[in-house]
Amino acid sequence: MTNLEIHNICKIYNIKNYTINSDGSIDVDGNVVISNKFLSKIPIKFNKVSGYFNCSYNYLTTLENCPNEIGKNFSCYSNRITSLEGFPQKVGEYTHCYLNFYLESINGYTGDYKKLLLSDNKKYLIRKHKLNLINNIIKQ
């Protein structure tokens with residue numbers, strides 16, 4: 001993706017105070033709100049967002065292009081994601097993943113379970129995730 005394409009995407013989605021990195025990802029000093037945009041994927045690769053990142057109420061099936069680091073809350077509720085693969089390496093506060101009825105696993109999540117806000121199946125998904133981690137250790 002060229003810098004011009006990145007600038008155009010940022011303009012379309014009203015993303016401001018950003019820096020384009022050499023790998024084509026962007027760092028944003030502030031918040032990113034790309035909710036209610038009918039997105040099937042996050043349109044640009046994010047690296048760091050100092051504020052909150054909200055990609056809720058879309059048609060996302062993956063967290064591809066999610067920021068690596070988010071300074072505050074991460075909201076991805078009411079999408080169609082099936083796992084948390086691509087989840088940020090660092091989230092400053094809470095993760096809101098309510099109403100993701102297709103969510104089958106939380107593989108990819110490495111944070112504090114208490115900060116992961118899910119729908120009714122949270123305990124089941126956490127138990128399944130821990131069992132997968134244990135099985136992977138045993139296989140090694």
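Which strands do the buried residues of H1 pack against? They pack against strand S1 (18-20) and strand S2 (26-28).

## About the model

This is a predicted model, in which local features need pLDDT of at least 70, side-chain atom pairs count only at pLDDT 80 or more, and totals for chains, interfaces and linings use all residues. Residues are numbered from 1 along each chain as its sequence is written, and side-chain values use heavy atoms, with hydrogens and water left out.

## Helix H1

Let's start with H1, residues 3-12. Helices (H or I, at least four residues) and strands (E, at least two) are DSSP runs, numbered from the N terminus. The buried residues of H1 are Ile-6, Ile-9 and Cys-10. Seen down the helix axis, they fall within an arc of 100 degrees (taken from the directions from the axis to the C-beta atoms), so they line one face of H1. Over on the other side, Leu-4, Lys-11 and Ile-12 are exposed. Here buried means under 20% relative accessible area, exposed over 50%, and partly exposed in between (1.4 Å probe, protein chains only).

After H1 comes Asn-14, with a positive phi near 55 degrees.

## The sheet

Now for the strands: five of them form an open sheet in the order S1-S2-S4-S6-S8, with mixed pairing. Strands pair if DSSP finds at least two bridges between them. At the edges sit S1 and strand S8 (90-91), each pairing on one side only.

S2 and S4 run parallel over three bridges, and Val-28 stands opposite Val-49 in S4.

Terms used. Contact = heavy atoms within 4.5 Å.
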